[in-house]
Amino acid sequence: MRDALGQRGEAIFIVLTTAFHSNSGPIFKPQFLGDKWQYVDFIVELVGAGAAVPYFFVQVKTTREGYTKKLNRLKVKVPQEGVRGLASYPAPTYIVGIDEIKETGYIVSANGESLSSMSSLSTMFPINKQNRELLWNEVNDFWRRYHTNSLGSQFSDSNWR
């Protein structure tokens, strides 16, 4: 049951992130990394960003337990080690909570704002058209500050033409 729930949540995440943003299609290209990755489930590339390919990492948590009564937060849990591990990536990282019954998802940043465990997830940021666009811009702005082609590698091939 647990594997089936997780797999359904990952599939719902793919559907939510690859929804057509316009007639041109989706603005994200998610790739599942497999069960061997300790902290991240997906690398997600931005579509249409130009010559560079900005990306971010996502950990997906799925539940059928609903929401807290007081603050309407999705009942998913992420241990402190998982939050710290996700925040240790030098890239934009997010936790996505999936309500498997309603087939909806919510996203929160995991970039070090809080390094404590999480017992429920905010529902302030549903994965919808507006937030997909905000996310695309946030990640694109993050990577625009870096010029990855400027790495001075020890392994350069001087005869590569």
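Guide: The buried residues of α2 pack against β3 and β4. Contact here means heavy atoms within 4.5 Å. Helices (H or I, at least four residues) and strands (E, at least two) are DSSP runs, numbered from the N terminus. This is a predicted model: local features need pLDDT of at least 70, side-chain atom pairs count only at pLDDT 80 or more, and totals for chains, interfaces and linings use all residues. Residues are numbered from 1 along each chain as its sequence is written, and side-chain values use heavy atoms, with hydrogens and water left out.

Visitor: Which residues in α2 are buried?

Guide: They are G82, V83, G85 and L86. Buried means under 20% relative accessible area, exposed over 50%, partly exposed in between (1.4 Å probe, protein chains only).

Visitor: How does α2 run relative to β4?

Guide: Helix α2, residues 80-87, lies across β3 (55-63) and β4, at about 135 degrees to β4. Axes are lines fitted to C-alpha atoms, for helices over the stretch in contact, and angles run from 0 to 180 degrees between N-to-C directions. Helix α3 (residues 129-144) lies across β1, β2 (42-46), β3, β4 and β5, at about 140 degrees to β3.

Visitor: What makes β1 and β5 edge strands?

Guide: The sheet is open, with five strands in the order β1-β2-β3-β4-β5 and mixed pairing. Strands β1 (28-32) and β5 (104-109) each pair on one side only. The twist averages 30 degrees from one strand to the next.

Visitor: How do you know that β4 and β5 pair?

Guide: Two strands pair if DSSP finds at least two bridges between them. Six bridges join β4 (residues 93-99) to β5, and the two run antiparallel. D99 stands opposite T104 in β5.

Visitor: Why is E100 called buried?

Guide: Its relative accessibility is 9%, so E100 counts as buried. E100 is found in the loop between β4 and β5.

Visitor: What polar contacts does the side chain of E100 make with R8 and R64?

Guide: The side chains of E100 and R8 are joined at 2.4 Å. The side chain of R64 is reached at 2.7 Å. A polar contact is a pair of N or O atoms within 3.5 Å; within protein, one must be able to donate a hydrogen and the other to accept it, and residues adjacent in sequence count only if both atoms are side-chain atoms.

Visitor: And S122, buried or exposed?

Guide: S122 is buried, because its relative accessible area is 13%. S122 lies in the loop between β5 and α3. Its side chain reaches the backbone nitrogen of M124 at 3.0 Å.

Visitor: Which residues of the largest nonpolar core touch the most other members?

Guide: Of its 36 residues, these are F13, F28, F56, V58, I95, V96 and L121. The largest share, five residues, comes from α3. A nonpolar core is a set of buried Ala, Val, Leu, Ile, Met, Phe, Trp, Tyr and Cys residues joined through side-chain atoms within 4.5 Å.
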